Amino acid sequence: MLFIVGVLIILVSVIGLYGIHGNIGILWQPIEFGIIFGGAFGALLISSPMRVVKGVAKSMGTVLKGPKYKGEHYLELLGVLFAVFKLAKSKGDLALESHIENPSESSLFSAYPTFQADHHALEFFCDYLRLLTMGANNPFEIEAVMDVELDLHHEADHTISATLGTLGEAFPALGIVAAVLGVIVTMSSITEPPEVLGGLIGAALVGTFFGILVSYGFVSPMAKSVELAHTADSQYLNCIKAGILGHMQGYAPQISVEFARKSLDATVRPTFAELEEMLANAPAPEAG
């Protein structure tokens, strides 16, 4: 929503106010736009693997929607952690084996459908629960492994936002390229009357204007928005990490879940009362 409001403010402030004393029609230069966007897309393909190119395309949805995880996602996650840790405390970590080997059909995870549908988070959680069932019991070693995996995940997200930022920085230069080509066209028509040359020069300068506007008004801010959204979403896996480490150190399920809750930013962290109410109404975990 804020993205749309921002776009409207930019268009009204720049294009709208220009239209008060200028000819908006001259700003419509599709050939200049094609040169700039085509050059930017080609540069993206040269500099980035297809994984990053697809990530940049998908990041447009992130700009519109913001972070993937909202407050209700974290509340459900804390419920999942409590259910798993309660089952493990009462019947042992091996009781989790049937659930983590086939989580898509687990009666434990099916009580939390949003989490169950999140393939990446579910796989991350089950992988470390599997280590517990295999006998891993040193929380410091597990934390080190988690940090490596989380760093790799963060780096993959950062690559997408950084690529989008680099693309934004390229637009002013590509606008100059389009303007230079426009000047070449103008110079080839030097014998034309002044009113024709004026139109050609104006059209050429649109390339510079458009490149700068797209860069600093749209693409660079979008890159920052994607970066902030990815940073916010990284809390989700960190929350799982905090809960697992608390469980591994022998704390009661309620305390391990409280560790996980405290790892969250205040903007998405459920209150203690909300968590207590949710846990009171949570289904009893089954060994499966």
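**Entry 1. Helix 3 and helix 10**

I began with the place where Ser59, Met60, Thr62 and Val63 in helix 3 meet Met222, Ser225, Val226 and Ala229 in helix 10. Contact here means heavy atoms within 4.5 Å. The helices I cite are DSSP runs (H or I, at least four residues), numbered from the N terminus.

I note that this is a predicted model, in which local features need pLDDT of at least 70 and side-chain atom pairs count only at pLDDT 80 or more, while totals for chains, interfaces and linings use all residues. Residues are numbered from 1 along each chain as its sequence is written, and side-chain values use heavy atoms, with hydrogens and water left out.

I then looked up how the two axes lie.

**Entry 2. Salt bridges**

I took a salt bridge to be a side-chain nitrogen of Lys or Arg within 4 Å of a carboxyl oxygen of Asp or Glu. By this rule I find a count of seven salt bridges.

I looked up Lys241 next. Its side chain meets that of Glu143 in a salt bridge (3.9 Å, N to O). Lys241 lies in helix 10 and Glu143 in helix 9, so the pair ties together parts that are 98 residues apart in sequence. Lys241 also meets Asp147 in a salt bridge, at 2.5 Å from N to O. This pair, too, links distant parts of the chain, with Lys241 in helix 10 and Asp147 in helix 9, 94 residues apart.

I checked the exposure of these residues, where buried means under 20% relative accessible area, exposed over 50%, and partly exposed in between (1.4 Å probe, protein chains only). Lys241 is buried at 13%, whereas Glu143 is partly exposed at 29% and Asp147 is partly exposed at 30%.

I recorded a further salt bridge between Lys224 and Glu227, whose closest N and O atoms are 3.6 Å apart. Lys224 and Glu227 are three residues apart in helix 10, so about one helical turn separates them. Lys224 is partly exposed, with a relative accessible area of 44%, and Glu227 is partly exposed as well, at 30%. I also noted that Glu101, Asp127 and Arg130 are joined into one network by salt bridges that share partners.

I looked up Ser256, which lies in helix 11 (residues 253–262). Ser256 is buried, with a relative accessible area of 0%. Leaving aside its neighbours within four places in sequence, I find Ser256 in contact with Phe85, Ala242, Gly243, Gly246, His247 and Tyr251.

I then turned to Tyr112, in the loop between helix 6 (107–110) and helix 7 (113–117). Tyr112 is buried, with a relative accessible area of 6%. The C-alpha atoms of Tyr112 and Val80 are separated by 6.8 Å, although the two are 32 residues apart along the chain.

Notes:
Helices (H or I, at least four residues) and strands (E, at least two) are DSSP runs, numbered from the N terminus.
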